[in-house]
Amino acid sequence: MDYYFLSQTSLFMGCEAEDIPHMLSAMKHKVRKYNKGQFIYSNGEIVREVCVVLSGSVQIENVDLFGKRSILGISEAGDIFAESYACISNQPMLVDVVAREDTEILRMDVPTLFSKAGTNDYAAKLIENLLRISSQKNLKLSMRILHSAPKTIRARLYSYFSEQISIQESNNIVIPLDRQQLADYLGVDRTALSKELGKMRDEGLITFHKNEFHILAANEKS
């Protein structure tokens, strides 16, 4: 296991790489590999572990009674997931977690972590990091709600593109979603989304190739 890599993740922020083996030895943990498309957790499952993506990526999604899939988030190498459910005793998952590609996951037992919080400085640091990560994820969820609130597909796209431009500090952006995933994330039909993107391109508002987009500024359109 790459302990230096772990020391750079949000969960182990502030921890030295040489300390991480001792931290893991004090907790129940395991490393698991998953193939692309394999379920890591399923709706209704009880989760007691916080998971770190060591390599690959996972998709958090929900499928309603009519089979419509909504993407709630994507966790890539270094990201964590399932922490909210693991921190709430006996709360079943309301979502599925699926490997987007061949993926390796570090799974750490949260009840063991909490039981050592008062006597172990390492555990206290991890819990502090968990609280910060949870707050950041709540903000991201709020942004998804904001992006899906506008009535038109174009307005939803502009809302999402605006956030990505702010994050990437450029009008040339690369998004982590393919067309179907973007449609699911924004809560729209894929065909309608593709049609709207085509209209925006024809009107000189954007250019794109696959998941790379250039959003034209007002002075570029004049």
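Where is the place of Lys210? Lys210 sits in the loop between strand 10 (206-209) and strand 11 (212-215); helices (H or I, at least four residues) and strands (E, at least two) are DSSP runs, numbered from the N terminus.

This is a predicted model, in which local features need pLDDT of at least 70 and side-chain atom pairs count only at pLDDT 80 or more, while totals for chains, interfaces and linings use all residues. Residues are numbered from 1 along each chain as its sequence is written, and side-chain values use heavy atoms, with hydrogens and water left out.

**View 1. Positive phi at Lys210 and Glu169**. Phi of Lys210 is near 55 degrees. Lys210 is exposed, at 62% relative accessibility (buried is under 20% relative accessible area, exposed over 50%, partly exposed in between; 1.4 Å probe, protein chains only). Phi of Glu169 is also near 55 degrees. Glu169 lies in the loop between helix 6 (153-168) and strand 9 (172-174) and is exposed at 72%. Most residues other than glycine have a negative phi.

**View 2. Salt bridge between Arg107 and Glu49**. The closest N and O atoms are 2.7 Å apart (a salt bridge is a side-chain nitrogen of Lys or Arg within 4 Å of a carboxyl oxygen of Asp or Glu). The pair links strand 8 (residues 103-109) to strand 3 (residues 49-55), with Arg107 and Glu49 58 residues apart. Arg107 is buried at 13%, and Glu49 is buried at 12%.

**View 3. Salt bridge between Arg69 and Glu61**. Here the closest N and O atoms are 3.1 Å apart. Arg69 is partly exposed at 37%, whereas Glu61 is buried at 6%.
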